[in-house]
Amino acid sequence: MTLSNNILKFKEVNKSYKYRIYPSFEQEKYLIQSIGGSRFVFNQLKGLQEFLYKNYCYGNSIPEGYNFNPFSKYITQNYNTKLKKVFLWLNDIDSHNTMRTAHSFTQSMLNFKKSGFGMPKYKSRHNPVQSFTTTYIKVIDGKLKIPKLKETIKMKYSRPIKGKILSGTISKENNKWYVSINVSKSIITSKPKTGKIVGIDLGLKDAITCSNGKKSGKIQLKFFDNKIKILGKKIANRIKDSCNWSKTKVKLAQTYINKKNYIKDFIHKITTKIVNNNDQIYVGNVNNQLGLKNKKLAKTTADQHWYEIKRQLEYKSDWYDKKFKVVNEKYTSKTCSNCGYKLLELGLGVRTWTCPECNSKHDRDINAAINIQTVGTTGFAFSKTNIKLVD
Ligand SMILES: [Zn+2]
């Protein structure tokens with residue numbers, strides 16, 4: 001790898017390392033208590049939010065003493081302190097844990113206010129993944145040290161942590177314990193420049209199609225979905241809270257986790273490759289092309305995790321100093337990438353078509369990816385400008 005014609009640049013990024021941990025019986029008791037405390041504080045804040053909303057509809061007529069943003073950091077932390085005076089058992093757990101919980105509630109409320117989506121919901125003790133986050137954690141001799149616990153927790157320290165530890169999230173997923181350690185790390189951001197540009201069409205048949213003709217293949221979820229279906233049926237047929245019922249439930253939760261990990265891994269591999277190989281990356285806006293009106297389509301759409309693909313491409317491009325942009329052009333599928341002729345209609349099932357104007361044969365997705373690249377680099381679409389690009 002040569003970086004001779006690039007200036008070395010560094011950037012602080014957040015990264016997380018996840019390890020399996022093996023708490024002793026006593027430690028496990030404390031971890032469960034900590035998760036409960038975090039959930040309790042979160043739900044109390046959610047209760048406060050609902051109360052304020054119901055009675056005062058926030059800004060309209062805030063009660064006296066509340067004449068400021070009810071979900072400022074100040075208020076949530078204050079409320080957290082008050083809770084500790086009433087519910088004394090909260091003092092048995094690490095105060096950074098409840099502080100982080102209050103902070104994360106404030107953050108979700110702010111995000112909700114900004115976007116109108118993702119109103120924080122009550123946390124249930126029945127969620128398959130239970131967790132709490134705290135600061136001041138350390139790794140000592142390959143073991144985990146957390147506040148309030150004297151003894152370190154056994155850990156499968158499979159790869160060394162590089163960077164400064166910011167926080168740790170301890171989770172119980174399906175009766176297994178994990179810690180995810182969040183660090184701030186300095187990375188070299190200038191990857192060798194390749195001089196390449198790529199347009200990307202996100203789709204159903206192939207999750208990713210590139211303008212150079214490369215395709216990712218479909219994210220295969222049938223195996224997981226079938227298993228989920230079968231296990232779901234089994235649970236329905238078993239006696240609630242029986243031993244077999246619980247066992248099947250654990251299996252089901254594990255399948256969901258495996259499915260999630262599989263998707264994440266698939267997307268990580270391919271987005272890293274794309275960012276390594278290209279200097280400019282343009283992605284089409286899927287909603288423009290397909291819409292989510294069709295319910296069946298919406299489910300597959302969700303499965304393909306287009307959102308996650310874009311998110312990863314964006315942050316990886318940012319890390320490595322590459323250009324990334326979402327192209328909001330509407331007719332990328334229907335426009336001939338060779339001459340600019342625009343079809344009136346192109347059914348969703350049509351995979352290949354021939355341009356009536358210039359006779360070019362098109363693979364639907366590759367053609368769209370080429371158009372996305374054109375719009376990304378020139379700012380013009382054929383359909384808008386009637387510019388014919390001749391090479
Ligand atoms: Zn044509």
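Predicted model: local features only at pLDDT ≥ 70, side-chain atom pairs only at ≥ 80, totals over all residues.
1. Tyr22 has Lys154 of strand S5 as its bridge partner, where strands, like helices, are DSSP runs numbered from the N terminus (E, at least two residues, for strands; H or I, at least four, for helices).

2. Residues are numbered from 1 along each chain as its sequence is written.

3. The pairing of S1 with S5 belongs to an open, antiparallel sheet of five strands, ordered S2-S6-S7-S1-S5. Because strand S2 (129-134) and strand S5 (154-155) stand at the edges with a single partner strand each, one side of each lacks a neighbour in the sheet. Helix H3 (residues 95-115) lies across S2 and strand S6 (164-173), and runs at about 105° to S2; such angles, from 0 to 180 degrees, are taken between the N-to-C directions of lines fitted to C-alpha atoms, for helices over the stretch in contact, and contact requires C-beta atoms, placed from the backbone, within 7 Å.

4. The largest nonpolar core has 25 residues, and those with the most contacts inside it are Ile200, Leu202, Ile281, Val283 and Ile372; a core is a set of buried Ala, Val, Leu, Ile, Met, Phe, Trp, Tyr and Cys residues joined through C-beta atoms within 7 Å, and buried means 20 or more other C-beta atoms within 10 Å, against 12 or fewer for exposed and partly exposed in between. Elements that each supply at least two residues include strand S8 (197-202), helix H5 (243-277) and helix H9 (364-378), with H9 giving the most, six residues. Beyond its neighbours within four places in sequence, Ile200 is in contact with residues including Ile208, Cys210, Ala369 and Ile372. A second, separate core of 13 residues includes Ile21, Ile146, Met155 and Ile181.

5. Helix H4 (residues 222-237) has 16 residues and spans 23 Å from first to last C-alpha, close to the expected 22 Å, which is 1.5 Å times one less than the number of residues.

6. Asn175, between S6 and strand S7 (176-188), has a positive phi of about 70° although it is not a glycine, and counts as exposed because it has 8 C-beta neighbours inside 10 Å. Asp241, in the loop between H4 and H5, is likewise not a glycine and has a positive phi of about 70°; Asp241 is exposed, with 8 other C-beta atoms within 10 Å.

Notes:
Pairing = 2+ DSSP bridges. Contact = placed C-beta atoms within 7 Å.
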